[in-house]
Amino acid sequence: MFLICSRLLDLLLVLFGVSVLTFLMIRLIPGDAVAIMLGANSEVTPDRIAALRSQIGLDQPILLQYLHWLGAILQGDLGVSLWTRQPVSQEILQHVAPTAELAALALALGAGLAVPVGVAMAWLRGRGWDIALQIGSVAGLTIPSFWLGIMLILALTALAPDLQMLGYVPIFEDPLGNLARMIFPAFALSLPIMANLARLLRSAMLEALQQDFVRTARAKGVRESLVFFRHALRNALIPFVTSVGITTGYLLGGAIVVEQVFAIPGLGRLILGAIAERNYPLVQASILAITTTFVLVNVLVDLLYAAIDPRVRS
Amino acid sequence: MKRGGLLLTIAVLLVVILLALAAFAPQVAPYDPLAQSILTRMKGPSALHWLGTDQFGRDLLSRIIFGLRASLGISGSAVLIALALGGTLGLLAAYYRGWTERVVMRAMDILFAFPVMLLAIGIIAMLGPGAGPTSLAIAIVYTPIFARLIRAPALVVVETDYVMNARAIGATDLRILLRHILPNLASVVLVQTSLLLSTAILVEASLSFLGLGAQPPTPSLGGMLSDGRNFLMLSPWSAVFSGFAILILAFALNLLGDVLRDRLDPRLQ
C-alpha cells in the first residue's frame with residue numbers, strides 16, 4: 001500500500017513536470033512563435049497575428065496561460081488544430097490505431113522471439129559460440145530499424161512483386177491485408193527489442209543458474225532440462241517484465257520513423273505533418289498525450305513487477 | 001580472456017578506422033561529396049565510383065565518408081555535452097545527497113519521462129531543423145541518462161574509506177570530487193559513453209532520415225538513406241550503403257562498450 005501511494009505521488013510530480021515542460025515548448029520558440037506559425041505571406045496581417053495569439057492564449061500572463069491550458073487538458077480539451085479547426089484530441093484519435101497496433105505487434109514479436117533466443121544463448125554459453133553470439137546480438141541491437149524496413153521492402157519487391165505491404169488497412173475491414181502490411185514494419189521495429197531482451201534474459205538465466213535453489217534442485221536429482229526451464233527461466237523472466245516498460249519508449253519513438261518507411265498513417269505522420277505546417281499546438285498536444293501514455297505504462301509495469309515478485313513489496 | 005581479446009581488437013580496429021575516416025574525410029574521400037554529374041546518375045559500384053553514385057551523380061563513397069564525419073560530429077558533441085552536464089549533476093547529487101539530490105534527480109526523472117525520439121523531435125520542432133538543433137536536442141535527451149548512470153556508482157564511491165579519509169584530513173569538496181571520486185568512475189564513464197554514443201548515432205540518423213537533422217546539401221547518413229528510399233527501385237545502392245554505414249558505426253561503438261564492460265566487470269561474463 002505504501003509502495004502504491006509513493007508511486008502515485010511520484011507519478012503526479014512527474015506528470016506535473018511533463019506538463020510544464022510541454023507547455024513551455026511554444027513559449028521557448030526563439031522569436032515570435034505566432035508570426036512563425038502563420039508563416040510569411042500576404043494574408044498575415046497584424047490583426048490575424050493578434051487573433052491567433054489570443055486563440056492560443058499567448059496574450060495573458062504566463063501563469064494564467066498555464067492554468068487555463070492545464071484546466072482545459074484535464075477536461076479532455078487538447079485545443080484546436082490551427083489549420084483544420086478540428087479538435088486536436090480527434091486528430092490524435094484518428095491516427096493512434098496504426099501506431100498502437102504497430103507498437104503492440106512489435107512488442108509481442110520482440111518479446112516472443114527473445115525468450116527462445118535468450119534461452120538458447122544461455123544454453124550455448126561456453127560451447128564455442130560466444131564470439132558469434134556477442135557479435136550477432138550487438139548487431140541486432142544496433143541495426144537501424146528504418147534501414148532494415150527499407151531492405152525488407154527491397155527484398156520483398158524482388159521476391160513477391162504482387163504483395164501489398166505499404167500503407168494501412170484497418171484490422172476489422174481486412175484482417176489479412178492488415179497483417180500483410182503490419183508484419184514487416186513490426187518485425188523491423190522488433191529486432192532491436194528482441195536483441196535487447198534476449199541479452200537480458202541470457203544474463204538473468206546465467207545468474208539464476210548459480211542460485212542456491214537451482215543447486216538444491218540439481219542436488220535432489222531434478223532433470224537438467226527441468227532445472228533450466230522451470231527453476232531458472234521462471235526467475236529470469238522477472239527482470240524481463242520491467243524492461244518491457246522502458247521498451248515502450250523506444251517503441252513509440254521507433255514507430256514514428258518506421259511508419260514513414262512503410263507509409264503508415266499513424267502518429268508519426270501526424271506529428272511530422274504538424275511540424276512541417278508549424279502547427280505547434282498539435283505537436284505540443286501529441287507529445288503530451290504520448291508521453292503521458294508512456295509514463296502510465298511504466299507505472300503499471302512497476303506495479304505488475306511488485307505483484308509478481310514478492311521481494312519488491314517488502 | 002581470449003574471447004575478450006579478439007572482440008576487443010575487432011571493436012578497437014573498427015572504431016579507429018571509422019574515426020580516422022571521419023577526421024580525414026577531405027583527404028580520404030576520392031571525390032567532392034557535393035560535385036554533381038548528370039552523366040553518371042544512379043550508377044552501381046564501379047572502378048571509378050566504388051559504391052556507385054546517387055540521383056545527382058554524386059560519388060556515394062565520398063558522401064558516406066563525409067556523412068560519417070557529420071554523424072560523429074553531431075552525436076559526439078551531443079554526448080560530450082550530456083556527459084559534462086548529466087555527469088556533473090549526477091556527481092553532485094551523489095556527493096551532497098539531501099535536497100540537492102532530491103531536486104536534481106526529480107528534474108532528471110521529468111526529462112526521462114519523455115520517450116527519447118519524441119523529446120528530440122519536439123525540441124527540433126521548436127528550434128527548426130539543422131545540425132546544431134539536432135546536437136542540442138540529443139544533448140538534452142541524454143543528460144538525464146548520464147545523470148542516472150553516474151549517480152549510482154558515485155553513491156558507492158562516496159561511501160568508501162578513502163573518501164572518508166580525504167574528508168577527515170580536511171580536503172575541500174572540489175578536491176575530493178575531482179581527485180578521489182571522479183578517477184574511480186573512469187571505467188563506468190568510458191563504457192557508458194561508448195554505448196550511449198552508439199545509440200546517439202542511431203537517434204541522429206533517425207532524425208536526419210525524417211528530414212530534421214543536417215539539411216541538404218550537407219551529406220548526412222540518415223538524409224542519404226531517405227533520398228535513397230525515394231529511388232529504391234531505380235537504384236538501391238544509396239539506401240543500401242548509407243544504412244549499412246549507420247549500422248557499422250553504431251555497431252563498432254556498441255561492441256567496444258560491450259567488450260569493455262565485460263572486461264571491467266567480470267561478474268557479467
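What share of the residues of chain A count as buried? Of its 314 residues, 34% do, a residue being buried if 20 or more other C-beta atoms, placed from the backbone, lie within 10 Å of its own. The model is predicted: local features need pLDDT of at least 70 and side-chain atom pairs count only at pLDDT 80 or more, while totals for chains, interfaces and linings use all residues. Residues are numbered from 1 along each chain as its sequence is written, with chains lettered from A and ligands numbered from 1 in the order in which they are written.

**View 1. The helices of chain A.** Chain A comprises 13 helices and zero strands. Helices (H or I, at least four residues) and strands (E, at least two) are DSSP runs, numbered from the N terminus. Along the principal axes, the C-alpha atoms of chain A fill a box of roughly 85 × 60 × 35 Å. Among contacts in this chain between residues at least 6 apart in sequence, 74% join residues at least 24 apart; two residues are in contact if their C-beta atoms, placed from the backbone, lie within 7 Å.

**View 2. The side of chain A that touches chain B.** Here 41 residues of chain A are in contact with 37 residues of chain B. Several helices of chain A each supply at least two residues to this side, among them H1 (2-27), H7 (145-159) and H12 (280-308). H10(A) gives the most, with eight residues. By class, this side of chain A has 30 nonpolar, ten polar and one charged residues. Ala, Val, Leu, Ile, Met, Phe, Trp, Tyr, Cys and Pro count as nonpolar, Asp, Glu, Lys and Arg as charged, and the others, Gly among them, as polar.

**View 3. Helix H6 of chain A.** H6(A) has 13 residues and reaches 18 Å from its first C-alpha to its last, close to the 18 Å expected at 1.5 Å a residue; the expected span is 1.5 Å times one less than the number of residues. Which residues of H6(A) are buried? They are Ser137(A), Val138(A), Leu141(A) and Thr142(A). These residues lie on the same side of H6(A) because they cover an arc of only 125° around the axis, an arc taken from the directions from the helix axis to the C-beta atoms. What covers them includes helix H8 (175-208) of chain A, together with helix H9 (186-209) and helix H11 (237-264) of chain B.

**View 4. Tyr142(B) in the largest nonpolar core.** The largest nonpolar core has 159 residues, and those with the most contacts inside it are Ala120(B) and Tyr142(B). Such a core is a set of buried Ala, Val, Leu, Ile, Met, Phe, Trp, Tyr and Cys residues joined through C-beta atoms within 7 Å. Helix H3 (residues 60-96) of chain B contributes the largest share of this core, 17 residues. Leaving aside neighbours within four places in sequence, Tyr142(B) is in contact with Ala78(B), Val79(B), Ala82(B), Gly86(B), Leu196(B) and Ala200(B).

Notes. A residue is buried if 20 or more other C-beta atoms lie within 10 Å of its own, exposed if 12 or fewer, and partly exposed in between; C-beta atoms are placed from the backbone.
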